[in-house]
Amino acid sequence: MSGTGQNRNDQREPLVLVVEGGRKSDAAEMLRCGGFIVSTAPDGLTAFERIGENAPELIVVDCALAEEGIEACRRFKENMSARDIPVIFMAAP
C-alpha cells in the first residue's frame, strides 16, 4: 500500500500526446508498450485542438516538423491550459 489511500487500479495511466508530423511515429508505439495512454496528432494545429479536449501529461513533438513544431510549442506555452505540460522534441534516425 502506498499510503495515499489509493490503490493502483484507481489511478489513470498518464496520457501522452505525440505530434507525428504527417508520418507514423515509432514513439507512439513505444510509449503504448510502456503502459502509457497515447493520443496522436498529425500536426501542431491538431495537437493544439486536442489539448483542449483532454490535456495530456506530456507532449512529444517529432523534430521532422522543424519550424511547425517550434511554433506549436510556442502556442502550447502561451495557452494557460497547456503552459505547464512538458514538451519533448524527438528526432528519428
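Residues are numbered from 1 along each chain as its sequence is written, and side-chain values use heavy atoms, with hydrogens and water left out. Because the model is predicted, local features need a pLDDT of at least 70 and side-chain atom pairs count only at pLDDT 80 or more, while totals for chains, interfaces and linings use all residues.

The pLDDT is the predictor's confidence in each residue, from 0 to 100. Its average over the protein is 78, and 82% of the residues score at least 70. Over residues 1-10 the pLDDT is below 50, and beyond near neighbours in sequence this stretch has two contacts in the model (a contact means heavy atoms within 4.5 Å). Where pLDDT is low, the predicted coordinates should not be read in detail. Helices (H or I, at least four residues) and strands (E, at least two) are DSSP runs, numbered from the N terminus. Among these elements, the highest mean pLDDT, 92, belongs to strand β2 (residues 37-41), and the lowest, 80, to helix α3 (residues 67-78).

The largest nonpolar core has eleven residues, including Leu 17, Ile 51, Phe 76 and Ala 82. Such a core is a set of buried Ala, Val, Leu, Ile, Met, Phe, Trp, Tyr and Cys residues joined through side-chain atoms within 4.5 Å; buried means under 20% relative accessible area, exposed over 50%, and partly exposed in between (1.4 Å probe, protein chains only). Two or more residues of this core come from each of β1 (15-19), α2 (44-53), β3 (58-62) and α3. Another core, of seven residues, lies apart from it and includes Val 18, Leu 31, Val 38 and Leu 58.

Val 60 is located in strand β3 and is buried, at 8% relative accessible area. Its contacts beyond four places in sequence include Val 16, Leu 31 and Met 90. Glu 20, in the loop between β1 and α1 (26-33), is also buried, at 11%.

The structure holds four salt bridges, each a side-chain nitrogen of Lys or Arg within 4 Å of a carboxyl oxygen of Asp or Glu. Glu 71 pairs with Arg 74 (2.3 Å, N to O) and with Arg 75 (3.2 Å, N to O). Arg 74 also pairs with Glu 78 (2.5 Å, N to O). These shared partners join Glu 71, Arg 74, Arg 75 and Glu 78 into one network.
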